[in-house]
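This short report covers a pocket and a strand. The structure comes first.

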Amino acid sequence: MSQTVITLERVTKTYGDVRALGEVTLSFPRGRFVAVMGPSGSGKSTLLNCAAGLDAPTSGSVVIGGVDLGGLSETRRTELRRRHVGFVFQSYNLLPALSVEDNITLPLRLAGMRPDHAWLHELVERVGLRDRLRHRPAELSGGQEQRAAIVRALAARPDVVFADEPTGALDRISAARVLDLLRELVDDLGQTVIMVTHDPVAAARAHQTLVMVDGKVVDVLRAPSADDLAARLAGLNGEPRITRIGDRP
């Protein structure tokens, strides 16, 4: 069985009287590309924030890379995220005054880590940015900026990469290339990617898709098509049926 890189056990998150997550239990093995879908307000972003250590659950436990986040100070959680977690967002969050190369290596410098130049070279070659390292973000296309953000997320060899609507600001062709890249990183390099998306076409590139409703996981679809996902989302109802991710089909 593949090594588990992140585990949530009975995770609940409430904001005042609103329960955003209700006792969610999940485990994510290494080398999986998992999408998370559901209607607005279903708990997708809250799940990502708790799983990534950006927000502390009201109850339950989150373990990343063998470390239980419960009881860690904010400083320790930040250190853990820098070493074990990568992030890719809809907005690329590249610093405009820095070159692509400096943007990519900035998180490593903040964490006091030396860049692995061989690893970064492989990533840059894979994403096709070798000739753009000295450019600034304003000189790149949106797709190139997102690919630079993906390299930045992978620079520290994190246990897991969380992607929040990573193709939401891209045109169809650029989005397809970014999704292909994420899938290749999983299949070829054994990376674990957890992606929140509203787009069935994007989710169909994942090995598995979690479907959420009212703060709970109500289904896990393995290798679904975009049509399968659209139909499932259109007919959401009922009680949770599957709450653990299984093996890759």
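How much space lies in the largest pocket?

## The largest pocket

About 480 Å³ lies in the largest pocket. Among its 21 lining residues, Arg82, Val85, Phe87, Pro107 and Arg152 are the closest to the centre. A pocket here is an open set of points on a 1 Å grid over the protein atoms alone, where a 1.4 Å probe fits, with protein on both sides within 12 Å along at least five of seven lines; lining residues have an atom within 4 Å of a point. Volume is the space filled by probe spheres set on the points, which are joined across faces, edges and corners.

α2 (74-84), β6 (85-89), α3 (100-110) and α5 (142-154) each give the lining at least two residues. α3 has the largest share, with five. By type, the lining holds 14 nonpolar residues (Ala, Val, Leu, Ile, Met, Phe, Trp, Tyr, Cys, Pro), three charged (Asp, Glu, Lys, Arg) and four polar (the others, Gly among them).

## Basis of the model

The model is predicted: local features need pLDDT of at least 70, side-chain atom pairs count only at pLDDT 80 or more, and totals for chains, interfaces and linings use all residues. Numbering starts from 1 along each chain as its sequence is written, and side-chain values use heavy atoms, without hydrogens and water.

Helices (H or I, at least four residues) and strands (E, at least two) are DSSP runs, numbered from the N terminus.

## Strand β3

Five of the five residues of β3 (33-37) are buried, meaning under 20% relative accessible area (1.4 Å probe, protein chains only). Phe33, Ala35 and Met37 cover one side, Val34 and Val36 the other.

β3 pairs (at least two DSSP bridges) with β8 (193-196), parallel, over four bridges. There, Val34 stands opposite Ile194. Four bridges also join β3 to β9 (208-213), again in parallel; Met37 has Val211 as its bridge partner.

Note on methods
Buried means under 20% relative accessible area, exposed over 50%, partly exposed in between (1.4 Å probe, protein chains only).
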